Amino acid sequence: MRISKRGLFYLLGIIGIVLATLPLIKGDNVVFLKWWMMILILGIGFFPLTSHLFAGFEDKGWLFSKAISVAVSGFAVWALSCAGILKFTALTCLVTTIVSMMLCWGIGGCLSIRNNQKIWDLDWNLVLGEELIFMAAFFLWTYLAGFHPEAHGTEKFMDYGFMAAMMRSESLPAPDIWYSLKDMNYYYGGQYYAVFLTKLSFSDVSDTYNLMRTLVAGLLAGMSFSIVYQLVGGIESIKDSKTKKVIAALGGLLAGGAVVFAGNLHYLVYGVIGKALGWKKGLDYWFPNSTRYIGYNPETNDKCIHEFPSYSFVLGDLHAHVVNTMFIIVVVGLMLSWILKVRKEAEHEVRLNWRRCILDPHVIIGGLFIGIFQFTNYWDFVIYFTVIVICCIYTNLYHFQFRWKTALLSILIQSCEIFLIGLVTSLPFTRTFETMISGIGIAQNHTKIHQWLVLWGLPTALLVIFIFGLLMKYKGLGKLIRKADSSDIFAVIMGMCALGLVLIPEVVYVRDIYEDGYARSNTMFKLTYQAFILFGLIMSYIILRLLTWHGRKIPKLLGSLGLITLLSTFGYFGNAVYSWFGTVWDSGEYRCQDATRYLEAAFAEDAPAIRWLNEHVEGNPVVLEANGDSYSDYCRVSSMTGLPTVLGWYVHEWLWRGNPEELNKRAADIETIYTSKNTVQVESLLDKYDVSYIYVGKYEREKFPMLNDGVLQNLGEMVYVNKEMTQSSGLTYVIKINKS
């Protein structure tokens, strides 16, 4: 192990962040450092295996090992719990993870002996630098989250409720918090992994709700750095090794920023230029506007969503697609490693080696992650299965020197293998999941050209310029594919995949319940979110590639313009942070990481009762509360406790279940329970939905003005009553139902 002065500087930076946690995030430093250490240990535990998957990387996949460890050990716990073999407890998480790490060390050790490789023979200065980048991003986002930590607003009730339900449950899938007697029927994998790490670290979900998204941000920034660092290192025209390392580091930093902190050009056009020129839309600019442009400016019947990671990390939603970004970036890095491996091999096969074809570790791990995506975010399954197959096509064509017959056979075998591994991996989820998709539709609406260019013009322009430059250099597509640097090939593949993702919603869309005015919304949302990440990576590489283009001034000029434009989008981060978190430079304004601390201020009548339920009720018994519309404050009890209720947010359950008739029946039954004077009828309905507790508070009284306290209070024992809240909104109480 050799560490230079530069490495020692990085190490001091890490120590500095550790010391800074106490004055900046105060008492939250304990859980933050606990999670950092946990992820560090997990990464070390899986590094022997990861180092073989990323053998072509200078860091051998150091940061990727952290995400792989979470994905694989978490998957093992999930699969065993879904099968009923083990209970979903903290002890199960701990023991299963330890066993998984031991297996990785065993497998990795055997591979090292067989291949005569040293696991820890890597660039430790680079490893320390990447660890510093990861920890700095992780800490920065954690610090910012402490200024607005509440799990309240947008879809945070859903995200936190899923986590709270799984924290209570010892079996998986956990009960649906908003549809009693049924299990979750949504992509709950993102929230599951948050709960897995919460149980593994013996933490509380109220503290880790925010930590999960900040951890993802840190890993996403670090792994993006690693990918582009490796890409720039593969530019053969840069001869001096020291110069190449500096440029690679700058490219990596640019990529980490482009993926995790940048916005799109909408911010520059409207938030900066438009505001300076006095445009109405510029003067009214607010950071969510950059995610709601098509169909909103101007207003049309084609409202779309085009979010990106920086917006997600600021807003604080812990959706499946957000958590899954740390896994999809692993797949991207894995594909680069696969291409590097094939390009490095000196000998090319003429005939198909069946053993090598089927047992390729990149194929096996790629299939595993594709399967995980089916329950973390199904859209990513489709997207990255396609990305892997495209990489599979290139690697096989190159490996077999474009002998099409043999290459196509290998492509077919490996593509089927990836799909089958993914299919088997996802079985614990798909065997109970009912799809929400109702078909594919032809897009009737299309994005206006100027809007499309505002959102995706910059990366598209850079990609076109780059491909044109390569075609000129290699004098044709055929020679480009055969002779271009592996880094250039990878950038072209990922760039074309990203371009395809932003073009698909202009042609087709996935049909769901949001047809009237929002037909393309979900399709554009999920596809362009991934396109933004891929574009962030390849833009950073292309800009550095143009700036170092040998012997020509025009590429350098275009690269400089691209760099300035891309850097200008980083201003979105500052604008959004100030708008959402306030004066973050004043550490005295820092509040906490506790996602439930807001309850007393937002729900004064309910907060004591919610905390009583969390302290005194175990398991997942049904607690009846008033149902309400999506995004409202209704269902605050089920969300903040994880206890299932008869019916929650209406539109969400409509999307998940596709059965509005049953939803309407449940809504009518809830009203009957709260308002009926017929005790027998009420008891029958309570038994139908297996209700154990009835909650009565402010929102129940607002929704049901004819609420019958007399009947309700005679149904069982009043186990909680808030006598301090009787004058303004009536008595708040909890009834435990008498069951025969």
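By class, the lining of the second largest pocket has 21 nonpolar, 10 polar and 8 charged residues, where Ala, Val, Leu, Ile, Met, Phe, Trp, Tyr, Cys and Pro count as nonpolar, Asp, Glu, Lys and Arg as charged, and the others, Gly among them, as polar. The model is predicted, and local features therefore need pLDDT of at least 70 while side-chain atom pairs count only at pLDDT 80 or more, although totals for chains, interfaces and linings use all residues. Residues are numbered from 1 along each chain as its sequence is written, and side-chain values use heavy atoms, with hydrogens and water left out.

**Pockets**

- A pocket is, on a 1 Å grid over the protein atoms alone, an open set of points where a 1.4 Å probe fits, with protein on both sides within 12 Å along at least five of seven lines, and its lining residues have an atom within 4 Å of a point.
- The second largest pocket holds about 860 Å³ of space, a volume being the space filled by probe spheres set on the grid points, which are joined across faces, edges and corners.
- This second pocket is lined by 39 residues, and Glu155, Ile305, Asn522, Phe525 and Tyr631 are the closest to its centre.
- At least two residues of that lining come from each of helix H6 (156-168), helix H12 (309-315), helix H13 (320-323), helix H23 (521-547) and helix H29 (650-657), helices being DSSP runs (H or I, at least four residues) numbered from the N terminus.
- The largest pocket has a volume of about 1100 Å³, and among its 35 lining residues His52, Leu111, Arg114, Leu359 and Pro361 lie nearest the centre.
- Elements giving two or more residues to the lining of the largest pocket include helix H2 (29-53), helix H4 (90-115) and helix H16 (361-376), and the largest share, 7 residues, comes from H4.
- The lining of the largest pocket divides into 17 nonpolar, 9 polar and 9 charged residues.

**Helix packing around H23**

- Helix H22 (residues 486-503) packs against H23 at an angle of about 145°, with the axes 8 Å apart; axes are lines fitted to C-alpha atoms over the stretch in contact, and angles run from 0 to 180 degrees between N-to-C directions.
- The crossing of H22 and H23 is left-handed, a term used if the near helix is turned anticlockwise from the far one by less than a right angle, with right-handed used if clockwise.
- Residues of H22 including Met494, Ala498 and Leu501 meet residues of H23 including Ala531, Leu534 and Ile538, and by class this contact has 13 nonpolar, 4 polar and 2 charged residues.
- Helix H8 (residues 205-233) and H23 pack at an angle of about 30°, with their axes 10 Å apart, and their crossing is right-handed.
- Ser224, Ile227, Val228, Leu231 and Val232 of H8 make the contact with Leu537, Ser540, Tyr541 and Leu544 of H23, contact meaning heavy atoms within 4.5 Å.
- The contact of H8 with H23 comprises 7 nonpolar, 2 polar and no charged residues.

**Two buried residues**

- Gly218 lies in helix H8 and counts as buried because its relative accessibility is 0%, buried meaning under 20% relative accessible area, with exposed over 50% and partly exposed in between (1.4 Å probe, protein chains only).
- Beyond neighbours within four places in sequence, Gly218 is in contact with Phe134, Ala137 and Phe138, and the C-alpha atoms of Gly218 and Met135, 83 residues apart in sequence, are 6.4 Å apart in space.
- Phe573, in helix H25 (residues 571-581), is buried with a relative accessible area of 18%.
- Apart from neighbours within four places in sequence, Phe573 is in contact with Leu140, Trp141, Leu144, Phe261 and Ser310.
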